[in-house]
Structures are given as structure tokens and as C-alpha cells.
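Reader: I would like to go through the labels attached to this model and see what each one rests on. Please set each value against its cut-off.

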Amino acid sequence: MVKRTLFIAVILAAFTSAQAAEPLERGGYFGGGGGTSLLDDDGGFSGLSFDDSDTTLMLFGGYKFFKYLSVEGRYTSFGSFEVGGLDLDVSALSVHVVGIVPFGTSGWELFGQLGFGNVQFEFESIEDDDQTAAAGGIGIRFSPTPNFAIGIQTDVFVWEEDDFDSTSDIAVGGTALTARFIF
């Protein structure tokens, strides 16, 4: 974990010394990213051996309507978590409204996103389940050219699970290094 964080910090520092460019104010975009993911079961798997972290991969595309707002769709694979010796694969399809705060013409942007999605579970090919979840996230990115940006973002999906007279607040999220192309 420390190595990944150090690697991300070095990459972002390298881009700060590059010539900055203000990102395009509008247009379609696509991108992807990868990093680490976590699953918080709120005690739902208590008593079982539970591996709560893995690798996350995401693909996204959207449209930037103006300098401060975009809407995007996303597919995220949160990886495979081991629960009691069985694999639980988790992924999500989601839609997000993204608010953007540019730092002048420096090429840096802070962004936050709110949305909802469908989180899918596949429990060792035995049972499939899906849940509608609220989603939120925050990130920062740098644009060395008007059409390209690299950044880091954290996203979380949350929902309530009702099983056998108990309610659990379940969350799955990830932190990823991303690349985005605007056209």
C-alpha cells in the first residue's frame, strides 16, 4: 500500500513540473484507471474469514457541458473478495454528475461526484445478486495538454442490506490512478 501511494505521488509530482494546459471547457471524454478497492460488510460476514481488499479497474465516458459540470457513465470492477474460502466478485454500472473546480489556468482541477448505480455480486458462480446504491467521490487531476489529464480519485458505493431480521450498511469503494482523454 505504501509503495502504491509513493508511486502515485511520484507520478503526480512529475506532472507538476510539466507544462500545464487548461483543459477543454466542453466535449466528450473517455478514460480508465486502476488502484485498490475495499469492501465494508458492516459485520455481515462476522465469524467468517473475510478478505476485504483487492484491485479496482474502471472505464468511464461522459460529456463535459461546461468548465464546471460533466455527466459520466462508468463500469467499475472492484475485484474478487474471499469470504469463508469462496470468491465474491463485485462490479458496478453507474451514472455520475461531476462538479469541477479548476485552479485558474494551472491545469489542476478538484472534482466531486454524486450518482447512483447497480452493484452486482457473483458469489463463486453459485448466486448472483445486485443492489441499487448511492455513489459519491472526490478527486484531483492535472492536464499537461488540453485533451489529456491524469489524476487520482476515490469513489464509494453504499446501500442497506436487509437479511434475516437485521439491517447492514454495506459499502464498496476504490481509489484509482486515472487517465482521461477529452475530444
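This is a predicted model: local features need pLDDT of at least 70, side-chain atom pairs count only at pLDDT 80 or more; totals for chains, interfaces and linings use all residues.

Reader: What is the overall make-up of the protein chain?

Author: The chain holds one helix and eight strands, in the order α-β-β-β-β-β-β-β-β from the N terminus. Of its 183 residues, 39% count as buried. The accessible surface comes to about 9,500 Å², and carbon and sulfur atoms hold 62% of that.

Reader: What makes β4 and β5 a pair of strands?

Author: Pairing requires at least two bridges. Strand β4 (residues 86–102) and strand β5 (residues 108–123) are joined by 15 bridges, so the two count as paired. They run antiparallel and form a hairpin with five residues between them. In the turn, Gly 104 has a positive phi of about 60°.

Reader: How do you know that β5 also pairs with β6?

Author: The same cut-off of at least two bridges applies. Between β5 and strand β6 (residues 127–145) there are 16 bridges, in the antiparallel sense, and therefore this is a pair as well. Gln 113 illustrates both pairings: Val 98 stands opposite Gln 113 in β5, and the bridge partner of Gln 113 in β6 is Gly 137.

Reader: Why is Gly 99 called partly exposed?

Author: Gly 99, in strand β4, has a relative accessibility of 29%. Buried means under 20% and exposed means over 50%; 29% lies in between, so Gly 99 is partly exposed. Leaving aside neighbours within four places in sequence, Gly 99 is in contact with Tyr 68, Leu 110, Phe 111 and Gly 112. Its C-alpha lies 6.2 Å from that of Gln 113, 14 residues apart in sequence.

Reader: Why is Arg 141 called buried?

Author: Arg 141 lies in strand β6, and its relative accessibility is 9%. The limit for buried is under 20%, so Arg 141 counts as buried. Beyond its neighbours within four places in sequence, its contacts include Ile 100, Trp 108, Phe 111, Ile 150 and Arg 180.

Reader: Are Arg 180 and Glu 109 buried or exposed?

Author: Arg 180 has a relative accessible area of 4% and Glu 109 one of 1%. Both values are under 20%, so both residues are buried.

Reader: Which residues make up the network of salt bridges?

Author: Lys 64, Glu 109, Arg 141 and Arg 180 are linked in it. The count of salt bridges comes to five. Another salt bridge is formed by Glu 72 with Arg 74, at 2.6 Å between the closest N and O atoms, and both of these residues are buried.

Note on methods
Residues are numbered from 1 along each chain as its sequence is written. Side-chain values use heavy atoms; hydrogens and water are left out. Helices (H or I, at least four residues) and strands (E, at least two) are DSSP runs, numbered from the N terminus. Buried means under 20% relative accessible area, exposed over 50%, partly exposed in between (1.4 Å probe, protein chains only). Contact means heavy atoms within 4.5 Å. Accessible areas come from the Shrake-Rupley method with a 1.4 Å probe; for residues, only the protein chains shown count as cover. A salt bridge is a side-chain nitrogen of Lys or Arg within 4 Å of a carboxyl oxygen of Asp or Glu.
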